[in-house]
Amino acid sequence: MRYVLNFKSNFTKESILAYKEALEKHPKKDNVIFAPPFCFLPLLEGYSLASQDISRYQEGAYTGEVSGNALKSLGVRYAIIGHSERRKYLKEDEVVFAKKIEQAIASGITPIYCIGETKEEHDSGRTLEALEGQLSFLFTFPQEMWKKVIVAYEPIWAIGTGKAITPNELEKIIAFLKEKIEVPLLYGGSINSSNLEQFKTLPHLDGFLIGGMSLKIEEVLSLLQES
Ligand code: PGA
């Protein structure tokens, strides 16, 4: 199982150093992957690292962008692409995600591509259709390329709401997704230390993308112990 800890836009230098100090008392684990804001990536050197985004451009005159090569040189192994918060607040779409996925792969970074339905889509029974739509551009890439992607299924209505999907519903969606695209699959959306166990045993689920819980050092320490 992989656990990707998405800190989103949280922490300051002081608070992340305190977090790191607590982490250092525990052995590092390759499958527990930290995704801090860009500027804190070097502070977590030596841990498995993901960036929360990646530039769609290779490198050069793109003010404010962080290139795949720059990330790779910091030891970053994964890049989160297509998170629903970037779709919503930064209006990013599949055209942009395709370029970011290309850049990640070209730099030797594994893309973690996020998909998920809205509450309206979910409530009106259009979940599978929505997911299929978000995946479809991947198949314009050659197979050896899309095979390098990890897909994170994150129902938008479950992110940060405290209401995770039920294991039953997730099982059906995993079966659907695995049929569409044979790549590792993560689940994200209100995972916490009390509901994690019930999802861990689901067949064909390869891990989790975790937001809120990753800010709670005590919970992360128990995750490190148990994973
Ligand atoms: P959450 O966030 O665990 O706080 O619901 C998950 C995510 O946005 O990746």
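Ser51 is buried, with a relative accessible area of 0%; buried here means under 20% relative accessible area, exposed means over 50%, and partly exposed lies in between (1.4 Å probe, protein chains only). The model is a predicted one, in which local features need pLDDT of at least 70 and side-chain atom pairs count only at pLDDT 80 or more, while totals for chains, interfaces and linings use all residues. Residues are numbered from 1 along each chain as its sequence is written, and side-chain values use heavy atoms, with hydrogens and water left out.

Ser51 belongs to strand β3 (residues 48–51). Helices (H or I, at least four residues) and strands (E, at least two) are DSSP runs, numbered from the N terminus. Neighbours within four places in sequence aside, Ser51 is in contact with Phe38, Leu41, Leu71, Val76, Tyr78, Ala79 and Ile80, where contact means heavy atoms within 4.5 Å.

A step back brings the whole chain into view. The protein chain has ten helices and eight strands, and its C-alpha trace spans about 45 × 45 × 30 Å along the principal axes. A compact globule of 227 residues would have a radius of gyration near 17 Å, and the 17 Å of the protein chain agrees with this; the radius is taken over C-alpha atoms, and the globule rule is 2.2 Å times the number of residues to the power 0.38. Of the 227 residues, 48% are buried. Among contacts with a separation of 6 or more, 70% come from residues 24 or more positions apart.

The buried residues of α4 are Val96, Phe97, Ala98, Lys100, Ile101, Gln103, Ala104 and Ile105. These buried residues pack against β4 (76–81), α3 (84–89), β5 (110–115) and α7 (143–146). After α4 comes Gly108, with a positive phi near 80°.

Another helix, α6 (residues 127–135), holds Gly133. Gly133 is partly exposed, with a relative accessible area of 40%. The C-alpha atoms of Gly133 and Glu94 are separated by 9.8 Å, although the two are 39 residues apart along the chain.
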